[in-house]
Amino acid sequence: MTTTRPGLRGFPGAVLVVRFCTELALLAGLAVAGARMGGSVLLDILAAVLWPALAAVIWGLVIAPRAKRRAPEPTRFILELALFAVAALGLIASGLPVAGIVLGVAGIATAVAVRVWAKDG
């Protein structure tokens with residue numbers, strides 16, 4: 001059995017590459033925000049590991065193109081926005097407002113761009 005997958009060509013492909021980069025930035029932002037919670041070292045380490053892990057599980061279960069139980073639109077879009085908003089607010093609250101704003105804007109803009117130009121399934 002062969003499957004056809006859309007190639008990463010042209011502008012839609014570039015949008016999907018940017019989406020992947022913003023997904024990685026989302027996980028990194030959550031790790032940084034968790035590490036800067038300001039509690040004990042143990043809590044900071046746990047948050048730095050668990051926050052991105054939780055986001056990755058949510059993404060993999062209901063947002064990712066190959067998710068077995070992929071949520072329908074607009075639920076998937078709302079979940080994606082919520083994850084980027086939480087990461088952005090976490091960075092802002094941890095003393096990194098510019099990084100939080102950049103991550104939030106880039107993530108949300110990319111989520112919109114994927115739905116407009118790169119239809120990922």
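The buried residues of α1 are G13, V15, R19, T22, E23, L26, G29, L30, A33 and G34; buried denotes under 20% relative accessible area, exposed over 50%, and partly exposed the range in between (1.4 Å probe, protein chains only). The model is predicted, so that local features need pLDDT of at least 70 and side-chain atom pairs count only at pLDDT 80 or more, whereas totals for chains, interfaces and linings use all residues. Residues are numbered from 1 along each chain as its sequence is written, and side-chain values use heavy atoms, with hydrogens and water left out.

The secondary structure comprises 4 helices and 0 strands, in the order α-α-α-α from the N terminus. Helices (H or I, at least four residues) and strands (E, at least two) are DSSP runs, numbered from the N terminus. The 26 residues of α1 should span 38 Å at 1.5 Å a residue, and the end C-alpha atoms of α1 are 38 Å apart, which agrees; the expected span is 1.5 Å times one less than the number of residues in the helix.

The largest nonpolar core has 13 residues, and those with the most contacts inside it are L26, L30, W59, L83, F84, A87 and L103. Two or more residues of this core are given by each of α1 (10-35), α2 (41-63) and α3 (75-93), with the largest share, 4 residues, coming from α3. Such a core is a set of buried Ala, Val, Leu, Ile, Met, Phe, Trp, Tyr and Cys residues joined through side-chain atoms within 4.5 Å. In soluble globular proteins, nonpolar side chains tend to be buried together. Leaving aside residues up to four places away in sequence, L103 touches T22, A25, L26, G29, F84, A87, A88 and L91.

R70 is located in the loop between α2 and α3. A polar atom of the R70 side chain lies 3.2 Å from the backbone oxygen of I63, and the side chain of R70 also reaches the backbone oxygen of A64 at 3.2 Å.

For the protein as a whole, 34% of the 121 residues count as buried. Among contacts between residues at least 6 apart in sequence, 58% join residues at least 24 apart. The C-alpha atoms fill a box of roughly 50 × 30 × 25 Å along the principal axes.

Definitions and conventions: Contact means heavy atoms within 4.5 Å. A polar contact is a pair of N or O atoms within 3.5 Å; within protein, one must be able to donate a hydrogen and the other to accept it, and residues adjacent in sequence count only if both atoms are side-chain atoms.
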